[in-house]
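Here is a short tour for anyone meeting this protein for the first time. Take a look at the sequence and the model, then read on.

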Amino acid sequence: IGSESEVREILGEVLSTQVNKVIDHIDRHCRTWIERSPFVAMTTMDRSGRLDVSPKGDPPGFVKVVDEKSLAIPDRPGNRRADGFLNILETSRIGLMFVVPKRREVLRVNGSAQIVRDPGLLETMTVNDRAPVIATLVRVEEAFFHCGKAMIRSGMWEPESWGDIEGLSTYAEAVMDHAQPSRSLSELERIFARNETDRLY
């Protein structure tokens, strides 16, 4: 398949509601969803077209609705790769997908972004007495709700349908094989365990 016409021949024409539902701002429906969401997937792109998707999670409402055209996402202690930030510096493009537990739908937001250090804004995102040192400020260009079929098919909120996790590698085991660090596996396990308790904020 190499053309839009071929795609449309197979999938059919897009319904007008799926085109018209896209708005260019954060309205009351989007605001309420964002304020209830504890998790967002953040997609950025560099100049060469390489993509990065980074998970962001915090207590519900951690992404601040600054106004109807602006969102702010706090940065918390992480792996220091800064993939998303470096991409934003190159292209400023960003895509977000907000998830609310127990709801099948998701909210998608697309736009441009910049990295900011405004003390007043950062202070509003304090958790456990620690404000983030930087944040991603998103300029909203598109916002729309995506139906729940993917969540329904995945059984995301239905524990009885979840697969077995027995035999899955631990994070430390995967890093040990992929990065081949000088530390032992047991050292990595201890470091990562501390990260999950002592380096959240």
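## Charges and the ground rules

Let's start with charge: the protein chain has 27 positive and 31 negative charges, and their mean positions lie 4 Å apart. Here Lys and Arg count as positive and Asp and Glu as negative, while His and the chain ends are not counted. Each charge is placed at NZ of Lys, CZ of Arg, CG of Asp or CD of Glu.

Keep in mind that this is a predicted model, in which local features need pLDDT of at least 70 and side-chain atom pairs count only at pLDDT 80 or more, while totals for chains, interfaces and linings use all residues. Residues are numbered from 1 along each chain as its sequence is written, and side-chain values use heavy atoms, with hydrogens and water left out.

## The whole chain

The protein chain has eight helices and seven strands (DSSP runs numbered from the N terminus: helices are H or I with at least four residues, strands E with at least two). Its C-alpha trace spans about 55 × 45 × 40 Å along the principal axes.

Of the chain's 201 residues, 31% count as buried, meaning under 20% relative accessible area with a 1.4 Å probe, protein chains only (exposed is over 50%, partly exposed in between).

Just after α1 comes Gly 12, with a positive phi of about 90 degrees.

## Strand β5 and its partners

Strand β5 (residues 93-99) is mostly covered, with five of its seven residues buried. On one hand it runs antiparallel to strand β1 (residues 39-45), joined by six bridges; Val 40 has Phe 98 in β5 as its bridge partner. Strands count as paired if DSSP finds at least two bridges between them.

β5 also pairs with strand β6 (residues 106-116), again antiparallel, over seven bridges. Leu 96 has Val 109 in β6 as its bridge partner. β5 and β6 make a hairpin with six residues between them, and Lys 102 in the turn has a positive phi of about 75 degrees.

## A buried Asp

Which side chain of opposite charge is nearest to Asp 52? That would be Arg 81, 5.9 Å away, and Asp 52 is buried yet has no salt bridge (a side-chain nitrogen of Lys or Arg within 4 Å of a carboxyl oxygen of Asp or Glu).

Asp 52 sits in strand β2 (residues 51-57). Leaving aside residues up to four places away in sequence, Asp 52 touches Met 42, Thr 43, Thr 44, Asp 83, Gly 84 and Asn 87, where contact means heavy atoms within 4.5 Å.
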